[in-house]
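This report covers a ligand site and the segments around it. The sequence and the structure come first.

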Amino acid sequence: MNAQLEPLSGKEIEERLRELPGWSAEGDLLRRSYRFHGHFPAVAMVIHIAQIQEELGHHAELTLGYNQLAVAVNTHSIGGRITHLDVGLAGRIEEIAAAHGAR
Ligand SMILES: C[C@H](O)[C@H](O)[C@H]1CNC2=NC(N)=NC(=O)C2=N1
């Protein structure tokens, strides 16, 4: 099996979370919420995330509010566990967050 598709152990998740400030593992989901200065910046972040997700072929659940965006991701193809694919997507999302004024 592709090593990217192995579920990460609790210890591995804990280690990877050290490089993802603001992210947490809740059950089998990797999660983070962002706040923005208004609605359009939050919407723009959704579009930018969508672009990354299509590039990676990996997609989070995105919950958009007025000035808030919640991101939750796991890997469906192995029954909803956290893998390197989820950590990779979270890292890519973190890279663009500041440019959208996310905090
Ligand atoms: C064929 C396609 O790449 C797969 O269905 C991808 C799409 N996006 C996905 N996203 C997530 N989060 N988990 C998956 O298993 C998954 N599978």
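## Basis and ligand contacts

A polar contact is a pair of N or O atoms within 3.5 Å; within protein, one must be able to donate a hydrogen and the other to accept it, and residues adjacent in sequence count only if both atoms are side-chain atoms. The model is a predicted one, in which local features need pLDDT of at least 70 and side-chain atom pairs count only at pLDDT 80 or more, while totals for chains, interfaces and linings use all residues. Residues are numbered from 1 along each chain as its sequence is written, and side-chain values use heavy atoms, with hydrogens and water left out.

A polar backbone atom of Asn 74 is 2.7 Å from a nitrogen atom of the ligand. A nitrogen atom of the ligand also has a polar side-chain atom of His 59 at 2.8 Å. For Ser 77, a polar backbone atom lies 2.9 Å from an oxygen atom of the ligand. The ligand taken alone exposes 390 Å², and the protein buries 57% of that (accessible areas by the Shrake-Rupley method with a 1.4 Å probe; for residues, only the protein chains shown count as cover).

## Ligand shell

The residues around the ligand, those with a heavy atom within 4 Å of it, are Gly 57, His 58, His 59, Asn 74, Thr 75, His 76 and Ser 77. By class, the shell holds seven polar residues, no nonpolar and no charged ones. Here Ala, Val, Leu, Ile, Met, Phe, Trp, Tyr, Cys and Pro count as nonpolar, Asp, Glu, Lys and Arg as charged, and the others, Gly among them, as polar.

## Asn 74

Asn 74 sits in the loop between β4 and α3 (84-97). Helices (H or I, at least four residues) and strands (E, at least two) are DSSP runs numbered from the N terminus. Asn 74 counts as buried because its relative accessible area is 12%, where buried means under 20%, exposed over 50% and partly exposed in between (1.4 Å probe, protein chains only).

A polar side-chain atom of Asn 74 lies 3.0 Å from the backbone oxygen of Asp 28. Leaving out residues up to four places away in sequence, Asn 74 touches (heavy atoms within 4.5 Å) Asp 28, Leu 29, His 58, Gly 80, Arg 81, Ile 82 and Asp 86.

Strands β3 (residues 61-64) and β4 (residues 68-73) pair antiparallel over four bridges; pairing requires at least two DSSP bridges. Three residues form the hairpin link from β3 to β4, and Leu 64 is opposite Leu 69 in β4.

Ala 60 lies in the loop between α2 (39-56) and β3 and is buried, at 12% relative accessibility. Beyond four places in sequence, Ala 60 touches Gln 53, Val 71, Ala 72, Val 73 and Leu 89.
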